[in-house]
Amino acid sequence: MNSIRSTLVVMLIAAFTLVSFLAALNGYLSSMREAETLMDKQLQHASEMVMGTGGGELTGVVDLHSGSEVAFQVWRDGALMLRSSGAPRQMINELTVGFRYANFSGSRWRTLTQRARDNRWYIVAERADLRHMLAEKVVLESIVPMLLWLPVSAVLIWILVGWGLRPLRDLSLQINQKRSDDLESVQFANPPAELVQLIDSTNSLLARLSAAFEREKHFAAHAAHELRTPLSVLKVHLHNLAGDLPPTHHGLAHANAGVERMHHLVEQILDLNRTNPDIIKANFRRLDLFSLAQRVTADAWPGFSAKQQSLSLNGASVIMFGVSGMLETLLQNILDNAGKYTAEGGEISVFAGREEGRVRLRVEDSGPGIAANEEALVFTRFYRGGGNVEASASGSGLGLAIVQHIVQLHNAEIRLGRSQFSTGLAVTIDFQIGDPGIVS
């Protein structure tokens, strides 16, 4: 997962490290030049001391008692008049006034050649490697502490970047804490200029979502209301017409069946609208899933009995959190779907209880089942499977869409599989043991 804070910190640390390195390098080179100039002045001072001691009156070798760090020679008319114990017998450098470098005694030396009024030449030399080591030591002692403070700088950058991104974190937290049915605008006091556009875009999106949900809610409610009235009138007319027609009249039976299907479709549209998360309030309660299944199967049993279908319930009492009315609708839709797709004399089995450490509801039938390529489609609105033409034609295609919506609202899991019978479908729903809350 990419992090703005981590990216900013890495980039700032990299930039700070690069700038610090360049500054340290520039400081090192500048300090080395300054040290070189200072040591050249010291070398010149040493040369003047040798010249001021009256070296011209002496001959031979002088022991400086300073190891091999400094050496000098005094020349006149091409002859070596005087030298230090660390200087060679050969001329260290050419007799030209100025600073140079020379190699002797296995080391690199910085030399200064000067000429006195009496035509004597003085060559003073100092070990170059030792003076460089001394200069580097002084310079590094001032640079190393700055480099050692880089980790402290990284921590400070991390803290400061986090503080700078706090408004973005607060905005994200406020949005995440919104309930699924809360589409009110985000309120953020004194937002930074960088967040104004983001807040405006978020509020605009929430406003459009709220308007869309309102339109959907009003459309479903108005459509269902407008359909209920003519359906009720049509039922009354069919009831009155039944008194004038023989009981075995096929046209009347088809008309009644069509009205019932339309009434069922209207009720399913209302159920789907009620389960919309922007309308329903989280009102979960402790309930016994097995007792709920007993009530629903008892109410549904007459319809299955009329088709000579066997309906059984197995399981045991199990406590879970949910909305009782919504779960009853869920089981009713699954049972209605199983009854439609199971032939007369078929079997439908319901299980409600604890299984594999989960609160489980399972409905199995002995119908034709669902093809593998249709399993991903049966939960879409108005899709009707083709396993049984008669059942498909009589359905609205909303039953399993409502089931999946209720499953999502309970933060549960639903899956399809083969039933325990030789043919048929098994619909299994696993609920959470604790209170899952409402999810969008």
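Ser153, Ala154, Ile157, Val161 and Gly162 are the buried residues of helix H3, where buried means under 20% relative accessible area and exposed over 50%, with a 1.4 Å probe and protein chains only. Because these residues cover an arc of only 170 degrees around the axis, they lie on the same side of H3; the arc is taken from the directions from the helix axis to the C-beta atoms. On the other side of H3, Leu160 and Trp163 are exposed. The cover over the buried residues includes helix H1 (4–52) and helix H4 (166–176), counting contact as heavy atoms within 4.5 Å.

A word on the basis: this is a predicted model, in which local features need pLDDT of at least 70, side-chain atom pairs count only at pLDDT 80 or more, and totals for chains, interfaces and linings use all residues. Residues are numbered from 1 along each chain as its sequence is written, and side-chain values use heavy atoms, leaving out hydrogens and water.

Now follow H1 itself. This helix has 49 residues and reaches 70 Å from its first C-alpha to its last, close to the 72 Å expected at 1.5 Å a residue, the expected span being 1.5 Å times one less than the number of residues. Its buried residues include Val9, Met32, Glu36, Asp40 and Val50.

Finally, look at helix H7 (residues 289–306) and helix H8 (residues 324–341), whose axes come within 10 Å and cross at roughly 35 degrees. Their contact is made by residues including Leu292, Val296 and Phe304 of H7 and Leu327, Leu331 and Leu335 of H8.

Notes
Helices (H or I, at least four residues) and strands (E, at least two) are DSSP runs, numbered from the N terminus. Axes are lines fitted to C-alpha atoms, for helices over the stretch in contact, and angles run from 0 to 180 degrees between N-to-C directions.
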